[in-house]
Amino acid sequence: MWEDFITSLQNFRRNKMRTLLSLLGIIIGVASVIVIMSMGQSSTKQIQDTFGSSGLNMVSIGGGFMRRSRAAVSIDFNETFRELLFGQVEGIKKIWYKNSMNGTIAYGDTSATASCTAVETDYLQTYGLALESGNYFTVTDNVSGNQKIILGSTIASSLFPNGDGVGKYVTVVVNSVSFSFEVIGVLKEQSSGMENSTNGCYVTRGFYAKKISPNPSAATVMVQAVSNSRAAELVDVLEEYCENLTGTEGSVNVTSMQSMIEQMSSITGTLSMMLAAIAAISLLVGGIGIMNIMIVTVTERRQEIGIRKALGASPSVIRRQFLIESASITIMGGIAGILMGIAISFAVEYVQGHGYVISWMSCVIAFIFSVFVGVFFGFSPASRASKLDPVVALSGE
């Protein structure tokens, strides 16, 4: 077998242009599969990086499209609803209520427009929003409705470009009413999923209930699942539960970051597989080209085949010789295609300027498939060579 491989390499050297043309289809096919699969994995990684790792076990419940209709039965997100969820839905660890409001934040002559969210105690910590400086809200802050505020990193940089804003007082205008808040914390710049942690700010829900809307129902319910996997399951469970309460489909909108990531990853994965399958067609085209080249090779080497059979070479030996030669072409093409695919992937990473994931599994699969193509399409010419009559082969006709 090793001698057959050496003989194949010698034949390739004698027919360099023919060999190169035979390799092109395999090289392009393998490289295309690797690049496309790597782009798919990179897209998935970008999605995960965009959402971040915090909040993967959180599920959001908000008003659905049917709540806009007066005829539709809606759910009040009050304490009764919180107790119902805890008592009747399994897999829930904790529940937070929150409300949002748009306002203008000012410090001195500098102002910025931001979305301000009223949250309950421990919500920011549990969600994984880390502080750059300062402290989180305490239970006392929430119960008393203290006018304290935690700023996102971008808002803090806009209002306090020369230093830390913790301990300073800002003015927040909501619905044409001004409130003075003490800045007690600044959040780190981070990916935080469904929370606007950079351009937003946070106040206590106690303040919201005291100064903005007495005894308010929550606009959004944040449910913490016992695990990340349970969060994806809770989306359907909570949606069905709320629809049973109201008797109306679409009465709530239930989402989770985990389910969103899974859906997007599934979409990008499916598209990558489809594109990779299309790219793999070039491998088949390359295989047909190899079969044509091998048929020509068999025809050109009829006398060599006749001599070997006259000297006692069995049909299986002749068949093996040409199968190894066919497989050798695709092995070289597969290796060259892998190197080209990796090189293109690194080039894409350099151009895009972000982390790029090379799909090593696609390298292995593409290489194995290329070798299979070589053996499959080389079998017919090899079988044809093994069946040649030595007398006819030596005649050169």
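What volume does the largest pocket have? About 150 Å³. Before I go on, this is a predicted model, where local features need pLDDT of at least 70 and side-chain atom pairs count only at pLDDT 80 or more, while totals for chains, interfaces and linings use all residues. Residues are numbered from 1 along each chain as its sequence is written, and side-chain values use heavy atoms, with hydrogens and water left out.

Okay, the pocket. By pocket I mean an open set of points on a 1 Å grid over the protein atoms alone, with protein on both sides within 12 Å along at least five of seven lines; a cavity is a set of points where a 1.4 Å probe fits but cannot get out, and lining residues have an atom within 4 Å of a point. Points are joined across faces, edges and corners, and the volume is the space filled by probe spheres set on them.

The residues lining the largest pocket are Val33, Met37, Met273, Ala276, Ala280, Leu283, Ser362, Ile365, Ala366 and Phe369. Two or more residues each come from α2 (16-51), α9 (257-300) and α12 (360-386). Helices here are DSSP runs of H or I with at least four residues, strands are E runs of at least two, and both are numbered from the N terminus. That lining has nine nonpolar residues, one polar and no charged ones. For the classes, Ala, Val, Leu, Ile, Met, Phe, Trp, Tyr, Cys and Pro are nonpolar, Asp, Glu, Lys and Arg are charged, and the others, Gly among them, are polar.

Now, the cavity side. There's one cavity of 30 Å³ or more, and the largest cavity comes out at about 30 Å³. Which helix gives the most to its lining? That's α4 (residues 123-127), with three residues.

Hold on to Asp122, please. Its side chain meets that of Lys94 in a salt bridge, 4.0 Å from N to O. Lys94 sits in strand β2 (residues 92-107) and Asp122 in the loop between β3 (110-119) and α4, so the pair ties together parts that are 28 residues apart in sequence. The cut-off for a salt bridge is a side-chain nitrogen of Lys or Arg within 4 Å of a carboxyl oxygen of Asp or Glu. Lys94 is partly exposed at 32% relative accessible area, and Asp122 is partly exposed at 32% too. Buried means under 20%, exposed over 50%, and partly exposed in between, with a 1.4 Å probe and protein chains only.

The whole structure has six salt bridges. In another one, Glu79 pairs with Arg82, with the closest N and O atoms 2.9 Å apart. These two are separated by about one helical turn because they are three residues apart in helix α3 (residues 79-88). Glu79 is partly exposed at 42%, whereas Arg82 is buried at 12%.

Then there's α8 (residues 228-246), where Arg230 and Glu233 lie three residues apart, about one turn of the helix. Their side chains form a salt bridge at 3.1 Å, N to O. Arg230 counts as buried at 18%, and Glu233 as partly exposed at 43%. As for networks, salt bridges that share partners join Glu79, Arg82, Glu120 and Arg205 into one.
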